[in-house]
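Dear colleague,

Please read it alongside the sequence.

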Amino acid sequence: MIVTRSWLNEFIDLSSVSNDTLYETFNAIGLEVDSLRQIEIDPKVVIGKIISCEKHPDADKLNVCQIDVGSGTRQIVCGAANVVDAEYVAVATIGAVLPGDFAIKHAKLRGVESEGMVCASSELGLPDTGKGIMILDSSIGTLEVGKAFGSYECVADTIIELELTANRGDCLSVYGVARDLSSALDIEMKVSEFKLNNKMKLGIGREAELHSKGTMDADLHYKLATIDTISSASLIALRLAMVNVEGEGRLASLLAYATHTTGVVLRAYNSRVFRNDKDKVCVFPTAKAKGITEIRNDGEVLSVVGVNQEASATANDTTKEILLEASYMHPDTLVEAVSAASLKTDDLYYKTSRGSNPELSFGLSFLACLMEKNTDISCYEGSLNVNVERENKTVIVDVEEISAIIGMDVEMSKVVTILKKLGFEINSMGNSVIAAVVPLFRHDITHIQDIAEEIVRIIGINNIEAKPFVFAEQARLNDTTERYKAKKGFKNRAVGAGFYENVSYVFSEKALLEKYGFSILEEALELANPIAEELNTLRSTVLINLLNAVKRNVSYTKKSIPLFEMGAVFGSKREQSDVISFAFSGQVEGENVRNAGKPKIIDFATFTQKVGAVVGAFELVPCSYKNGLIHPYQSANVIVAGKVCGFISKLHPTVQESFGIPETFIAELDFDMFLPKHINATPISKFQGVYKDLSVVIDKSMNYYEVAKVLNALDLPMLKDIYPVDIYEDEKLGEKKSLTVRFFIQSMDKTLEDSDIETVMNEIMTALEKECQAELR
């Protein structure tokens with residue numbers, strides 16, 4: 001968005017505001033200044049009045065002009081074709097220095113003396129206003145011969161280019177920018193009144209009718225006028241050039257100037273296209289769909305409000321009777337509809353899609369007055385309107401909450417003043433609470449944080465006292481912190497046991513989960529837009545991800561691959577739980593002197609010990625889990641506190657072959673079962689204990705798990721610990737095997753006597769004989 005200082009000055013008095021202050025203010029209120037350029041023109045460039053203009057005696061394309069420059073009449077040779085149409089011009093007198101260090105000197109052109117130069121806008125450092133020299137008129141101010149051209153405020157202007165964020169459509173006009181400045185600088189907006197000197201006393205209703213069809217989304221105001229001639233205004237041409245806006249013709253330039261000034265979207269139609277067989281102008285705004293309002297005559301679509309206009313219906317410089325239209329539609333409604341319908345758009349769509357000014361009468365009145373100054377126009381009295389009932393958003397604003405958001409105390413009166421100047425209506429609700437009614441031109445404001453942003457903009461971010469960031473949250477311990485501490489502890493112990501942490505997505509490949517017998521999501525709960533084909537569902541196990549990581553490491557020639565991962569898994573209904581998963585593939589350790597370069601391959605016992613070093617003590621019982629990764633003979637359930645909490649297994653040979661990896665062991669455990677629990681202190685004995693070994697012969701088919709169940713069921717207070725130390729099979733034993741179990745016996749009350757030890761061992765042997773048919777070896 002580009003504005004100029006003099007243009008802004010039409011709505012707000014900037015006489016006491018410097019350019020530096022403007023620059024700082026714009027940046028402070030969020031209208032970032034991309035560039036600011038003060039135009040400077042040499043004082044020897046003055047207003048000149050052409051007294052006569054004759055053809056050069058020796059050059060067809062040159063004219064010899066006699067020009068009054070105040071200090072006298074100067075003869076100047078000019079090559080611009082339009083000099084013959086000019087009365088007042090900008091003249092660079094002898095001694096003037098133009099941009100590019102071009103000094104004006106006495107010259108002789110084709111034998112004719114020339115004492116200066118009649119200037120085009122670009123030759124003075126101004127934007128290009130078209131071919132030929134600048135033809136001046138009173139629109140820039142009262143023209144005084146000999147007066148320095150640069151003394152005119154609207155000529156030696158300051159051009160300011162602002163970088164607007166997408167939500168600030170309200171500042172896509174000079175009026176909108178001035179409104180923001182008014183609040184920031186605490187300067188009242190000038191009262192703007194645009195009244196027509198109506199030459200025609202006929203009411204618009206005698207010549208035109210409006211017939212809307214359907215539920216309208218657009219506000220529309222129409223004014224009918226007749227035009228005889230349209231004159232050009234140097235101010236309009238100059239300012240449009242300054243803001244990089246082009247109009248194809250004089251009428252189009254007036255419309256563009258009015259739209260850029262007011263922010264109201266304005267169009268002009270040739271009213272003849274709306275006249276019916278009774279020679280009456282009949283306009284049919286038709287709601288085709290939500291957000292799409294077509295402007296029709298009796299049958300043809302001539303424009304879509306805020307979107308486009310047919311060239312055949314557009315008024316131009318030769319049109320004698322025009323229908324002026326001012327329109328507004330909520331940008332969110334419009335953009336969504338245009339996108340869905342894939343409509344072609346014109347230049348005005350940019351303003352309507354960002355948010356134009358809904359004050360249609362203001363825009364239409366400004367345009368009508370502008371045309372009255374620059375055209376021979378006669379407007380019919382009144383206008384034809386379509387007004388949509390719109391409910392303004394209301395945001396409840398607690399001033400204390402605003403102060404908390406901003407980080408400084410802001411008085412209620414300050415908040416109210418700022419919001420009122422920004423166009424909000426304020427209703428008091430008592431107790432430092434107000435209801436702020438959001439103006440239609442600020443469609444982007446919906447909640448109190450938006451209001452706080454407005455207050456910060458106007459106060460100025462640099463005026464808010466810098467404070468250190470304060471965390472007001474009190475220290476507390478809860479389940480979340482306990483889980484975090486537990487996870488951190490597991491990670492530290494896993495790294496200490498030689499594992500590397502694997503980090504993967506919570507997604508997996510559905511086909512692999514189905515192949516290996518893991519649960520998958522119900523069809524209705526599947527991912528709508530998976531990030532990749534191989535990550536097309538939520539994982540129900542981490543092991544597939546770990547095995548893929550093992551496979552990648554094997555391809556990197558790694559020989560020992562110990563990995564772990566803690567993360568979420570999901571059931572068929574997306575129920576979530578956390579697991580700790582392990583995978584150990586290949587060698588137990590790296591090749592070194594100690595193992596003569598031939599380390600052993602990971603086995604069940606070593607893997608179990610390493611997992612235990614991470615999660616703590618657990619028991620193993622025959623495996624009850626069913627999935628395609630588990631080895632049928634080297635697998636077990638993991639038991640903690642008598643509950644099954646996962647499994648540990650060698651990887652099934654077919655899976656190992658499928659992934660192309662060496663011998664691998666896996667484990668997946670329920671994280672919650674291993675969370676540290678409060679343990680009450682138990683007394684320890686101060687008396688010495690003894691270890692006793694017992695060797696028995698039992699059936700070959702009986703495993704130690706069954707023997708341990710019998711021993712753990714004994715109610716013997718002196719029996720503190722039990723664990724196997726040897727299993728031996730021999731041909732002499734036949735269908736039997738020898739099992740040696742070590743017992744730790746200790747009394748809490750006294751030093752053990754032989755009789756105490758013997759009593760305990762006898763009860764153990766009796767139980768084994770009865771329950772396991774064991775024989776003393």
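The lining of the largest cavity divides into two nonpolar, eight polar and two charged residues, where Ala, Val, Leu, Ile, Met, Phe, Trp, Tyr, Cys and Pro count as nonpolar, Asp, Glu, Lys and Arg as charged, and the others, Gly among them, as polar. This is a predicted model, in which local features need pLDDT of at least 70 and side-chain atom pairs count only at pLDDT 80 or more, while totals for chains, interfaces and linings use all residues. Residues are numbered from 1 along each chain as its sequence is written, and side-chain values use heavy atoms, with hydrogens and water left out.

That cavity holds about 50 Å³ of space, and helix α3 (residues 174-185) gives the most to its lining, with three residues; the lining includes R179, T262 and F441. On a 1 Å grid over the protein atoms alone, a cavity is a set of points where a 1.4 Å probe fits but cannot get out, whereas a pocket is an open set with protein on both sides within 12 Å along at least five of seven lines, and lining residues have an atom within 4 Å of a point. Grid points are joined across faces, edges and corners, and a volume is the space filled by probe spheres set on the points. Helices (H or I, at least four residues) and strands (E, at least two) are DSSP runs, numbered from the N terminus.

The largest pocket has a volume of about 1,100 Å³ and is lined by 32 residues, of which V245, E246, A256, D347 and L348 lie nearest its centre. Helix α5 provides the largest share of that lining, six residues, and by class the lining has 17 nonpolar, seven polar and eight charged residues.

In the second largest pocket there is about 810 Å³ of space, and T129, G130, S232, A233 and A237 are the nearest to its centre among 28 lining residues. Here α4 gives the most, with six residues, although α5 and β12 (135-136) each supply at least two as well.

Helix α5 (residues 250-262) also meets helix α8 (residues 360-374): their axes, which are lines fitted to C-alpha atoms over the stretch in contact, with angles running from 0 to 180 degrees between N-to-C directions, come within 10 Å and cross at roughly 140°. That makes α5 oblique to α8, since angles under 35 degrees count as roughly parallel, over 145 as roughly antiparallel, 65 to 115 as roughly perpendicular and the rest as oblique.

With best regards
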